Amino acid sequence: MTIIRVAKREDLKEIVSLHKQAGESQGQLDPRLAPAASDSVRFGRVLEAMSGRRWCRVLVAEGDTELVGYAVGSRVDNEPFTTSRFGLVGGLYVEQGQRGRGTEDALLEALNGWFMEQGLAATHVDVSCSDPAAQRFWEDRGFDRFLDQLWWDGSSESYEPGDSPLVVRPARSGDREAVLLLWKEMMDVHSAIDPRLSIAPDWRQKVARSVRRWLRDGDSRFVVAEAADGVIGFALGGLVDVTLGLKPSMHGQVAHLCVGANWRRCGIGRRLFWALRDWLVERSVPSIHLYVSPVNPVSQHFWRALGFEDYISRLWCDLV
Ligand SMILES: CC(C)(COP(=O)(O)OP(=O)(O)OC[C@H]1O[C@@H](n2cnc3c(N)ncnc32)[C@H](O)[C@@H]1OP(=O)(O)O)[C@@H](O)C(=O)NCCC(=O)NCCS
């Protein structure tokens with residue numbers, strides 16, 4: 001018989017071993033997801049730090065003699081979006097020989113139950129684009145494609161913009177208002193095509209606080225494109241150290257990029273991206289990732305024209 005229960009400290013070693021198996025099978029489908037030697041140690045440390053915390057839950061499926069599966073979930077803040085928090089399934093794995101007996105469903109049900117106790121209305125999970133069986137598993141349980149995480153290895157030669165009266169430069173505090181307007185323009189595009197990307201009425205105060213933080217943050221690159229009559233585009237990128245999920249890794253991330261509607265298709269988006277890319281490559285990131293809506297054809301074309309490829313799908317499921 002298999003029982004589902006909250007993990008105890010003494011389970012950590014077995015969970016880490018299951019996690020290693022999960023990573024190895026992902027790596028067979030997509031070498032970019034193959035575990036590095038240090039991943040198990042990192043995962044073990046994260047689990048230890050998570051243990052007993054109010055914002056996360058680690059569950060195990062216990063068979064007659066040993067653990068046969070685990071699930072990790074955490075509560076993620078998502079302001080200023082209208083869904084201000086969601087539950088993230090950071091891992092769900094059942095040993096190969098134990099599948100098809102309802103253990104995966106029992107783990108997911110227990111995790112969703114915990115998310116609902118936390119007052120969360122939606123769950124997210126990341127699934128490899130190279131794993132159609134996993135995609136089907138989640139789709140059969142009510143999850144659907146929400147964002148595509150694209151991947152770029154950063155290896156192309158630098159981009160030379162040629163002669164242009166426009167400058168791309170680090171953002172300054174005087175750019176705050178222009179950046180807020182561009183950020184809102186970017187979100188208006190997205191909320192019109194996917195209501196899950198709509199923002200709360202008090203977005204301005206929250207984003208203004210974030211902009212102040214981006215201006216100070218040494219782990220971020222925050223740039224603007226300036227024409228003769230002011231700032232007409234901005235981009236934000238940074239270093240991200242992911243500890244949970246399909247592939248723990250340090251990588252570069254593009255968080256935001258927007259060009260004002262009157263200035264599009266003039267190469268400004270490309271220049272803004274290259275300003276982030278050069279900064280990230282100087283910091284030796286092995287790859288650059290970003291999220292893009294599958295129903296935003298313009299940004300899908302844009303990022304793929306710059307060399308980004310499929311990597312991971314972020315799926316969404318409503319809990320209530
Ligand atoms: C996506 C966005 C940043 C592109 O900026 P841009 O300055 O217009 O892009 P560029 O002129 O540098 O385009 C570079 C390449 O991307 C592709 N591209 C850009 N816009 C495109 C469009 N509307 N349709 C098809 N391909 C497009 C083209 O291949 C283009 O190269 P080309 O002009 O030589 O053919 C801009 O449209 C924008 O800000 N959109 C709203 C906010 C947004 O969606 N941001 C992305 C969030 S993930």
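Let's start with two helices. Helix H1, residues 12-29, packs against helix H2, residues 39-50, at an angle of about 135°, and their axes are 10 Å apart. Keep in mind that this is a predicted model.

How do H1 and H2 lie to each other? Angles over 145 degrees would count as roughly antiparallel, and 65 to 115 as roughly perpendicular. At about 135°, H1 and H2 are therefore oblique. The crossing of H1 past H2 is right-handed.

Now the residues. On the H1 side, the contact uses Leu 12, Ile 15, Val 16, His 19, Lys 20 and Gly 23. On the H2 side, you have Asp 39, Ser 40, Phe 43, Gly 44, Leu 47 and Glu 48. Sort the contact of H1 with H2 by class, and you get 5 nonpolar, 4 polar and 3 charged residues.

H5 packs on helix H6, residues 203-216, at an angle of about 125°, with the axes 10 Å apart. That angle makes H5 oblique to H6. H5 also passes H6 in a right-handed crossing.

Who meets whom here? From H5 come Arg 176, Val 179, Leu 180 and Trp 183. They meet Arg 204, Val 207, Ala 208 and Val 211 of H6. The classes in the contact of H5 with H6 are 6 nonpolar, no polar and 2 charged.

A quick reminder on pairing. Strands of a sheet pair through backbone hydrogen bonds, in either a parallel or an antiparallel way.

Let's walk through some pairs. Strand S2, residues 56-62, is antiparallel to S3, with 7 bridges. In that pair, Arg 57 sits opposite Gly 73 of S3. A hairpin of 4 residues links S2 to S3.

S3 then pairs with S4. They run antiparallel, and 9 bridges join them. Find Ser 74, and opposite Ser 74 you will see Leu 88 in S4.

The peptide bond joining Glu 79 and Pro 80 is cis, with omega at about 10°.

Next, strand S6, residues 144-152. On one side, S6 is joined to strand S12, residues 309-318, by 7 bridges, and the two run antiparallel. Gln 149 has Ile 312 of S12 as its bridge partner. S6 also pairs with strand S11, residues 288-292, in the antiparallel sense, over 5 bridges. There, the bridge partner of Trp 151 is His 289 in S11.

One more pair. Strand S9, residues 230-242, and S10 are antiparallel over 10 bridges. Phe 234 is bridged to Cys 258 in S10.

Now follow the chain out of S10. Arg 265 is in the loop between S10 and H7. Its phi is positive, about 65°, although Arg 265 is not a glycine.

How many residues surround the ligand? The count is 19. The closest are Arg 264, Gly 269, Arg 270, His 301 and Ala 305.

Which elements build that shell? Four of them supply at least two residues each: helix H5 (176-193), strand S10 (249-259), helix H7 (268-282) and helix H8 (297-305). H8 gives the most, with 5 residues. H5 packs on H6, and S10 pairs with S9.

What about the classes around the ligand? The shell has 11 nonpolar, 5 polar and 3 charged residues.

Take the cis bond between Glu 79 and Pro 80. Then go to Arg 265 with its positive phi. Finish at H8, which gives the most to the ligand shell.

Definitions and conventions:
Residues are numbered from 1 along each chain as its sequence is written. This is a predicted model: local features need pLDDT of at least 70, side-chain atom pairs count only at pLDDT 80 or more; totals for chains, interfaces and linings use all residues. A residue is near a molecule or strand if its C-beta atom, placed from the backbone, lies within 6 Å of it. Ala, Val, Leu, Ile, Met, Phe, Trp, Tyr, Cys and Pro count as nonpolar, Asp, Glu, Lys and Arg as charged, and the others, Gly among them, as polar. Axes are lines fitted to C-alpha atoms, for helices over the stretch in contact, and angles run from 0 to 180 degrees between N-to-C directions. Angles under 35 degrees count as roughly parallel, over 145 as roughly antiparallel, 65 to 115 as roughly perpendicular and the rest as oblique. A crossing is left-handed if the near helix is turned anticlockwise from the far one by less than a right angle, and right-handed if clockwise. Two residues are in contact if their C-beta atoms, placed from the backbone, lie within 7 Å. Two strands pair if DSSP finds at least two bridges between them.
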